[in-house]
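Have a look at the model first, and keep it open while you read.

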Amino acid sequence: MSFAVCFLAHGIEHVDEYNKIRDRIGNETFVLTNDSNLFASNVILDDTKFNFNKKRIPIKRALEKYDTVVCLDTDIDIICDLTLPNDLCEGLHVKWLGKSQTINNTRLSISELLNGKTQFEDLNNYGQSLTDSGANNYNTFFFDEYAFILKILDKEKRTLFIDNWNLLYEKTLKNQAKD
């Protein structure tokens, strides 16, 4: 199965981490970075302030060419060839989806996030912007984003996925978590 691998390598620490694993990746890579010296098949230079939602940029580029992308954090250790099963079904594949997560040693639920009931003002504001964008307790989950696979066979659906992600990004920009 042919697929791309995407990274966000912003800052010297993450660029160094990427450089340590890049030779172990046999697939085409798409990397968003602020370092013009980073070597990858597809480097996307971006020197604006870091934001976790920038992962959508290399994913968008990869989805223009591939129907399947693997998105990895740079601090992951790759100890074998990256392979995916040939019968991998469409969708988002993650380690876990959940209705709660621990942030700064505090257990946080989706309900608390969306209803502004956390002890963190920035998260309450972000939760409100998600709610304003249509999020609710039934369609919103936390997921472990350090490593995930996205497979969308239909090219129009891939474009729609990225367009919706960009729209959600724009609607929540002022309340997103910073580095």
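Predicted model: local features only at pLDDT ≥ 70, side-chain atom pairs only at ≥ 80, totals over all residues.

Start with helix α1, residues 12-21, whose buried residues are Val-15, Glu-17, Tyr-18 and Ile-21. These four sit on the same side of α1, because they cover an arc of only 160 degrees around the axis. (The arc is taken from the directions that run from the helix axis to the C-beta atoms.) "Buried" here means under 20% relative accessible area, "exposed" means over 50%, and "partly exposed" is what falls in between, using a 1.4 Å probe and protein chains only.

Residues are numbered from 1 along each chain as its sequence is written, and side-chain values use heavy atoms, with hydrogens and water left out.

Back to α1. What covers its buried residues? The cover includes β1 (4-9) and β2 (29-33), where contact means heavy atoms within 4.5 Å. Turn to the face pointing away from the buried side and you'll find the exposed residues Ile-12, Glu-13 and Lys-20.

His-14 also belongs to helix α1. Its relative accessibility is 30%, so His-14 counts as partly exposed. Setting aside neighbours within four places in sequence, His-14 is in contact with Ala-9 and Thr-74.

Now pick out Thr-33, which has its place in strand β2. Thr-33 counts as buried because its relative accessibility is 0%. If you again leave aside neighbours within four places in sequence, the contacts of Thr-33 are Ala-9, Val-15, Leu-38, Val-43, Ile-44, Leu-45 and Asp-46.

Next come some helix pairs. Two packed helices are described by the angle between their axes and the distance between the axes.

How do α2 and α5 cross? The axes of helix α2 (residues 56-63) and helix α5 (residues 155-172) come within 10 Å and cross at roughly 165 degrees. That angle makes α2 roughly antiparallel to α5. The axes are lines fitted to C-alpha atoms, for helices over the stretch in contact, and the angles run from 0 to 180 degrees between N-to-C directions. As for the wording, angles under 35 degrees count as roughly parallel, over 145 as roughly antiparallel, 65 to 115 as roughly perpendicular, and the rest as oblique.

On the α2 side, the contact is made by Arg-56, Ile-59, Lys-60 and Leu-63, and on the α5 side by Arg-158, Phe-161, Ile-162, Trp-165, Asn-166 and Tyr-169. Sorted by class, these residues divide into 6 nonpolar, 1 polar and 3 charged. Ala, Val, Leu, Ile, Met, Phe, Trp, Tyr, Cys and Pro count as nonpolar, Asp, Glu, Lys and Arg as charged, and the others, Gly among them, as polar.

Helix α4 (residues 121-132) meets α5 too: their axes come within 9 Å and cross at roughly 130 degrees. That makes α4 oblique to α5. Tyr-126, Ser-129 and Leu-130 of α4 make this contact with Leu-168, Lys-171 and Thr-172 of α5. The classes here are 3 nonpolar, 2 polar and 1 charged.

Zoom in on Ser-129 of helix α4. Ser-129 is buried, its relative accessible area being 6%. Not counting residues up to four places away in sequence, Ser-129 touches Lys-171, Thr-172 and Asn-175.

## A lysine in a strand

Last stop: Lys-151, in strand β10 (residues 147-151). Is Lys-151 buried or exposed? With a relative accessible area of 9%, Lys-151 is buried. Lys-151 and Cys-89 are 62 residues apart in sequence, yet their C-alpha atoms are 7.3 Å apart in space. Cys-89 is also among the contacts of Lys-151 beyond four places in sequence, together with Met-1, Asp-67, Thr-68, Leu-88, Glu-90 and Gly-91.

Key:
Helix = DSSP H or I, 4+ residues; strand = E, 2+ residues; numbered from the N terminus.
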